Amino acid sequence: MALCHFCEEHGPRVVMTTQALKRTGIQRHANVDEDEEKGEKKKEEPRYKMDILSVNEFGKVDFDTIPQITDEDVVFASWDRTIELVDDESRCEACSSVGPNASHIANDYLAGRSYVTTQTAINEDAYAVTQSVCFKAHNTQNLLPLTLTSLEDDEPTPSTSESSKTEDGEGIIFFGKAQDKYTAVGRMFALKDAKSRGFKRRYGLLCISQNHQLLTWKFKDIMVEVNMTADLLKLSAEKVHDCEQEIDKDQVIRSGQVLGWIQGHEQPKIEYDTSRSFTKIVGNEEAFFTLHRDCVSILQILLKPDATMKFDGMSNLSVSRYVERAAEAMAIAATEDFAVISKKIEQPELKAILIHLVRGGQMICQCDYAPVRSKFLFAFSVLLPNTLVDIASDQRKYCIEKNLLGVDECVPLPTPEQYDLVIIKLVKTYENECYGVADFDVNVVRLPEEQLEPVPSVVSKYLGALENEIAHTTTSILHKALTTIKEEFMTLVTSISSTYPTTARIAALLKVHSKPVTDLHVYQFWKLAKLRVPRNGKLISISEEPSFPSKPIQDDLPTTRKVSASIPIPARKSVCEDDVGFSTLSSSMPSVFSSTNSLPIGTPSTGSFAQTSPLSSNPSSAPDSSRRGSFLNSVENSEVLDQCRPVSDDDLFATSG
Amino acid sequence: MSAMQPDQYNSEHYNNYEDPGSDEEAVGDGRPTIVIMGQKRSGKTSIRKVVFQKMSPNETVFCESTPRVMNEPITGSFINLQTIEFPGQLDAFDTAFNPKEVFSTCGALLFVIDAQADLPEALRKMSAAMIRAYNINKNIKFEVFVHKVDGLSEETRMATYRRIFQKVQDDLADHTLDNIYITYHMTSIYDHSIFEAFSKVIQKLVRQLPALIKLLDMFNTACSVEKSYLFDVSSKIYVATDSNPPDLSTYELCCDMIDITTDLTGIYGNYRIDTNAPPQDGYNLESQSVVRLKVNQVLFMKQVDKYLALIGVMKKEPFEKKGLIDYNFQIFKNGVTAVFEIGRLAITRH
């Protein structure tokens with residue numbers, strides 16, 4: 001990624017470059033020949049040492065496989081900081097960004113990549129290419145229209161759409177040079193500046209790659225992000241420009257408002273400042289850091305492996321491994337959010353919420369920020385088996401089928417008499433627009449009226465894990481603890497359901513093992529995960545005794561694959577133990593953690609429940625709830641609620657024996 | 001005053017001033033090219049916009065810096081050429097711009113120098129550009145606009161002119177290229193000097209110029225006209241004038257007359273919606289106007305074709321013989337049409 005501009009003094013210049021570099025265990029001097037490297041070892045101290053302005057990391061604890069050399073060194077990418085960035089071009093303040101030998105760094109340990117933002121490109125090839133692209137971008141006469149990125153799939157592609165010679169010189173460029181083997185896409189735009197000729201400065205945000213297919217495939221994704229960044233910059237610059245025009249009223253003729261009566265000889269000379277820096281134009285001293293973050297995000301989008309694409313040299317196994325690691329990373333991030341949320345809620349309320357959730361109750365999150373709702377609900381999804389999580393974070397109206405539901409504050413919700421719900425409202429208390437970080441307070445609006453006592457064992461264990469100091473040393477340990485609790489209980493549910501078909505027997509078993517009776521409520525819900533029976537949105541009443549099939553239920557099906565077998569649904573009637581009373585509906589229910597969205601290195605303007613470092617990420621990091629299967633069909637008939645015959649203690653002891 | 005004889009405008013007569021066989025109209029789309037170069041903020045874009053896009057000189061203060069090479073054809077005008085403006089920050093001879101292709105089809109290289117700015121760097125760049133352009137195409141006509149002279153006194157203007165002239169000649173002599181003929185113009189967008197300078201540049205690119213001059217001379221003689229111009233109404237550039245020495249004040253009068261006529265035509269003009277419709281400003285082939293001056297002179301304007309108009313200055317008394325003037329004008333008009341028709345045929349054959 002490169003930010004370029006047309007300088008009044010120097011012509012087209014690359015202001016800032018962000019490159020993605022692979023992380024390897026060996027540090028190499030990027031500008032040193034291999035032969036020289038193998039030869040005499042340089043003994044003297046390196047003359048240049050890169051100034052690291054910021055380092056942001058994602059997944060270091062869990063995915064960093066490269067040992068740190070020393071405590072002082074920041075190990076990143078495949079080069080070290082002793083390299084000199086050579087720049088042939090003369091620069092003024094307008095052409096400068098982070099400085100001649102400084103950089104912003106973002107390390108993505110999960111992807112094994114580092115993103116380095118410098119004033120000029122790190123290696124000579126990239127330097128030459130960015131210069132060439134910058135030159136060509138500013139000299140392009142025909143730009144593609146800005147509406148190109150909002151086209152539907154059947155609309156013309158960049159190669160077929162008509163280019164437009166826009167008067168203001170703004171638009172999209174898409175070109176490549178076969179002999180230099182690069183392709184570039186970008187957005188050319190103008191920022192208002194009260195002290196430049198024509199009151200505007202030309203900039204371009206470019207994405208350059210050697211992989212033409214990659215840029216073509218992800219053209220729209222890239223341009224959406226690039227356009228968003230450009231539009232935000234334009235907005236900032238316009239605010240600064242308007243403010244300056246307002247304040248400096250003596251120079252109001254600069255805006256051309258009183259042209260009519262000015263004679264050529266009497267016109268006062270306008271003071272230009274051709275070397276005005278980018279940060280001053282947009283009115284943000286941290287503009288380059290913000291831009292670095294956005295460029296990292298765009299590169300992540302670009303470099304994220306897509307299951308439908310084939311990359312040269314990358315096998316399907318690598319892609320699936322990447323996806324698995326991505327899922328794990330998202331789960332750890334959700335656990336971290338859950339830990340922070342749990343501290344914001346009072347203990348009794350948290351207990352009630354957890355009890356409600358593990359029983360299959362519905363929790364509603366009210367907040368006007370969809371990404372924040374998504375993060376909040378996703379955090380609680382770590383407590384439930386994957387197949388029981390039905391999350392929808394962006395609903396426009398109330399929906400009973402989802403157990404984790406996110407709506408705007410204005411959406412009407414059912415009354416307590418209608419449904420027993422947990423309603424939580426998120427209120428923003430702090431926001432830093434520069435870093436894209438915000439804090440929200442968690443307000444519990446409604447809790448279920450029925451309070452289970454004693455607390456189910458799984459909830460007790462969850463609460464115990466949250467209070468455990470060891471679990472809080474790192475998020476991954478807490479995540480493992482919660483996962484272990486969940487899996488243990490799931491194993492118990494599986495074994496019970498196959499061995500003890502009736503509720504009474506299960507209750508007796510629990511009593512024998514000194515488990516709280518309330519575990520039965522949780523068991524009733526969690527067994528649906530193995531049986532693939534869709535929820536009906538209501539809590540299952542223990543007073544109705546379900547019947548169980550005599551045949552063991554196939555439980556070897558992976559949770560992430562489609563269940564294709566289907567068994568006819570029996571009508572509601574008295575069924576003995578020998579009847580097959582359950583149906584397995586075909587459904588596609590991808591795991592919560594199998595989303596292929598971008599990795600959350602950080603999230604701009606999405607609200608944070610934890611002290612996240614201000615890095616960018618794709619705001620849509622939460623799983624796409626629209627892809628979830630719907631459990632709407634015949635929810636009443638899918639559960640066979642039959643009366644069971646009373647179980648005597650003899651039977652109980654006989655079974656347990 | 002006498003009536004012009006139609007026989008004087010036969011094609012044999014034209015052949016004395018035109019050699020169709022050696023027509024060297026620009027290749028490609030057939031448009032001659034004017035390359036505009038100069039230091040940054042010297043006024044290149046302002047000149048282009050004021051002359052060809054009718055921008056007010058005051059508005060040029062708010063023109064933004066040119067970020068790229070501007071290649072614009074001039075349409076809606078008799079002047080069928082294109083201008084290529086190179087930003088001052090870029091090197092026009094960079095291989096990325098393919099200078100050989102640009103300058104091989106270039107009719108004139110116009111270098112703009114800001115008379116109020118630092119000269120040495122501009123002169124050094126200009127000399128280098130001229131040498132390189134000449135090496136590519138020896139038929140290029142070199143024009144230097146010493147611009148923004150409106151803010152200088154007469155003495156300073158002359159001193160600046162002498163300095164520029166001497167420096168360029170010395171540089172060219174160092175490269176044994178002192179045979180290159182360079183024309184210098186003192187210009188400003190705040191008066192008519194820029195239009196006159198551009199008129200002279202354009203005239204050098206009009207191959208039919210000798211024939212047009214002859215026609216105008218004969219018209220002047222027949223109608224007792226003191227001075228006549230053949231104007232491109234859209235840009236206020238005169239394509240040809242008679243052999244009498246040009247007078248800037250007369251030229252300004254003619255430009256003002258065009259402005260008035262254009263404005264009035266815009267209000268009261270008769271618009272036609274067909275392929276032969278007049279230009280957007282309302283002119284048609286029957287348009288004409290007369291301005292009677294206090295100094296016993298008359299300015300008259302008669303439309304030759306949809307882009308060209310003949311403007312003449314004459315005494316009041318000869319102007320009374322309108323019938324004769326109209327007749328002679330018709331002959332003149334036919335002659336001009338024939339001149340350009342022959343030129344078109346020559347291009348087609350070539």
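Over all chains, the count comes to 27 aromatic pairs. Here rings of Phe, Tyr and Trp (its six-membered ring) pair if their centres lie within 6.5 Å; planes under 30 degrees apart count as stacked, over 60 as edge-to-face and the rest as tilted. One such pair is Tyr369(A) with Phe440(A). It is edge-to-face, with 5.6 Å centre to centre and 75° between the planes. Tyr369(A) lies in the loop between strand 9 (362–366) and helix 10 (370–380) of chain A, and Phe440(A) lies in strand 13 (residues 437–446) of chain A, so the pair ties together parts that are 71 residues apart in sequence. Helices (H or I, at least four residues) and strands (E, at least two) are DSSP runs, numbered from the N terminus.

This is a predicted model: local features need pLDDT of at least 70, side-chain atom pairs count only at pLDDT 80 or more, and totals for chains, interfaces and linings use all residues. Residues are numbered from 1 along each chain as its sequence is written, chains are lettered from A and ligands numbered from 1 in the order in which they are written, and side-chain values use heavy atoms, with hydrogens and water left out.

How covered are the two rings? Phe440(A) is buried, with a relative accessible area of 1%. Tyr369(A) is partly exposed, at 35%. Buried means under 20% relative accessible area, exposed over 50%, and partly exposed in between (1.4 Å probe, protein chains only).

Now go to chain B. Phe219(B), Phe300(B), Phe319(B), Phe329(B) and Phe332(B) form one aromatic cluster. The charged end of Lys302(B) sits over the ring of Phe329(B), 5.8 Å from its centre. Lys236(B) has its charged end over the ring of Phe195(B), 5.1 Å from the centre. The rule asks for NZ of Lys or CZ of Arg within 6 Å of the ring centre and within 35 degrees of the ring normal.

Back in chain A, look at strand 1 (residues 2–7). It is mostly covered: six of its six residues are buried. Ala2(A), Cys4(A) and Phe6(A) point one way, and Leu3(A), His5(A) and Cys7(A) the other. Strand 1 runs antiparallel to strand 2 (residues 11–22) of chain A, joined by six bridges. Two strands pair if DSSP finds at least two bridges between them. A hairpin of three residues links strands 1 and 2 of chain A. Cys7(A) stands opposite Gly11(A) in strand 2. Four bridges join strand 1 to strand 8 (residues 200–209) of chain A, also antiparallel. There, Leu3(A) has Leu205(A) as its bridge partner.
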